[in-house]
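Here are my notes on the model, point by point. Have the structure open while you read.

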Amino acid sequence: MKKNGFLCTKLIELDKRWRIGAVSYLNTLPFLLGIEQSDIMQRIELVKDYPAKIAQDLMDGTIDIGLVPVAIIPLLKEAHLVSNYCIGAEGPVASVSIFSQVPMEEIKTVYLDYQSRTSIQLAQILLKQYWKKDVEFIPASEGYIGKISGTTAGVIIGDRALAAIPNFKYSFDLAAAWVAYTGLPFVFATWVANKPIPEEFMKQFDIANSYGLAHLEEVIAGVPANEIGYDLHKYYTENISYQFSPEKKKGMELFLKSLIN
C-alpha cells in the first residue's frame, strides 16, 4: 500500500499545474520569452505583476513559485531556491537607484518605492552604512515620482527607473553602491518556491528560463521602439547578470544577514 501511495503521489506531482508568479519588468523578459515559448506552459499557470505583489502571493500561498525580492525569503514559512537563474548585478544595474535633484550630501528625505521590498531595504542599508546619511523615509504611493524635488529624493525601480534617468540631475545606483561597499554582487530577485518542487519539473523550468538568455536579440525585438529610451542590449548584457553564481549567493546571504542584524 505504501508503494502504491508513493506512486500516486508522484503521479499527482507530474500532473499538477504549478502556479508561477513572475515580475512584469523588462529585466524578466528573457525568462518570460523562454517560459511562454516552452512546452512547460502546459504544466503551469503564469501570473505577472510587480515584485511586492508576487512576493505577497508567494507568502499567501496563492502561487507555488515566484520570482520574488530576496528580502522576503526570511518571511516565508518554507523557502526553496529552485533555479540557477536570478535578477542580479555585478556593477551598475541602472534600474534600481535613488534619484535626486541635489547631491547625496544635501538629501534629507527619501521616498521608498512601493513596488519592491528588497530595493527599499537595500537603500536603507546603504544610506545608513555606506553613505552615512540620517534621512527621513517616506513610504511611497502611486504618483510619488512627481514629488521628488529639492532635498527630497526617491527610490525608483524597474522600467520606471530606466525612463527616469534623463529627468533627474543625480542618480545613485544601488547595485553599484553595494558592490563598492561589500565587494560582492547583489541579487534583487530569484526564483523561490514555498514547497518542495520535483527535480524533473525544475530541470524543465531552468531550460525554459535559459532560452531567452540565449536569444536576447529576439527579446529586444519584442520591445516597442523607444518605449524606455535606454539601450536594452547594454541593459541585458552589462547591467543585469542572470546566473545565480556562488558569488551572488554570498552577496545575497550578506544582505539577508544585514536585514536580521
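1. At what angle do helix 4 and helix 6 pack, and how far apart are their axes? Helix 4 and helix 6 (residues 174-182) pack at about 50°, and their axes are 10 Å apart. An axis here is a line fitted to C-alpha atoms, for helices over the stretch in contact, and angles run from 0 to 180 degrees between N-to-C directions. The two helices are therefore oblique to each other; angles under 35 degrees count as roughly parallel, over 145 as roughly antiparallel, 65 to 115 as roughly perpendicular, and the rest as oblique.

2. Before going further, some bookkeeping. Residues are numbered from 1 along each chain as its sequence is written, and side-chain values use heavy atoms, with hydrogens and water left out. This is a predicted model, where local features need pLDDT of at least 70 and side-chain atom pairs count only at pLDDT 80 or more, while totals for chains, interfaces and linings use all residues. Helices (H or I, at least four residues) and strands (E, at least two) are DSSP runs, numbered from the N terminus.

3. Back to that helix pair. Ser119, Leu122, Ala123, Leu126 and Gln129 of helix 4 meet Leu174, Ala177, Trp178 and Tyr181 of helix 6, a contact being heavy atoms within 4.5 Å. By class, that makes 7 nonpolar, 2 polar and no charged residues. For the classes, Ala, Val, Leu, Ile, Met, Phe, Trp, Tyr, Cys and Pro count as nonpolar, Asp, Glu, Lys and Arg as charged, and the others, Gly among them, as polar.

4. Now compare helix 2 (residues 29-36) with helix 7: their axes come within 6 Å and cross at roughly 120°. This pair is therefore oblique as well. From helix 2, Pro30, Phe31, Leu33, Gly34 and Ile35 take part, and they meet Phe205, Ala208, Asn209, Tyr211, Gly212 and Leu213 of helix 7. The class count for this contact is 8 nonpolar, 3 polar and no charged residues.

5. On to the charges. With a salt bridge taken as a side-chain nitrogen of Lys or Arg within 4 Å of a carboxyl oxygen of Asp or Glu, the count comes to 9. Arg19, Asp64 and Lys195 are linked in a network of these bridges. Arg19 pairs with Asp64 at 2.9 Å, N to O. That pair links distant parts of the chain, with Arg19 in strand 1 (residues 18-23) and Asp64 in the loop between helix 3 (51-60) and strand 3 (65-69), 45 residues apart.

6. Asp64 also pairs with Lys195, at 2.8 Å, N to O. Lys195 sits in the loop between strand 10 (186-193) and helix 7 (199-213), so this bridge ties together parts 131 residues apart in sequence. Is Asp64 buried or exposed? Asp64 is buried, at 0% relative accessible area, whereas Arg19 is partly exposed at 25% and Lys195 is partly exposed at 24%. Buried means under 20% relative accessible area, exposed over 50%, and partly exposed in between (1.4 Å probe, protein chains only).

7. Another bridge worth a look joins Arg160 and Asp113, at 2.3 Å, N to O. Arg160 is in helix 5 (residues 158-164) and Asp113 in the loop between strand 6 (109-112) and helix 4 (117-129), 47 residues apart. Asp113 is buried, with a relative accessible area of 0%, and Arg160 is partly exposed at 24%.

8. What does helix 3 pack against? Its buried residues are Pro51, Ala52, Ile54, Ala55, Asp57 and Leu58. They pack against strand 1, strand 2 (44-49), strand 3, helix 4, strand 8 (152-157) and strand 10.

9. Please check two backbone spots. Ala94 has a positive phi of about 75° although it is not a glycine; it lies in the loop between strand 4 (80-89) and strand 5 (96-100) and is buried, at 9% relative accessible area. Lys132, also not a glycine, has a positive phi near 55°. Lys132 is in the loop between helix 4 and strand 7 (136-139) and counts as exposed at 65%.
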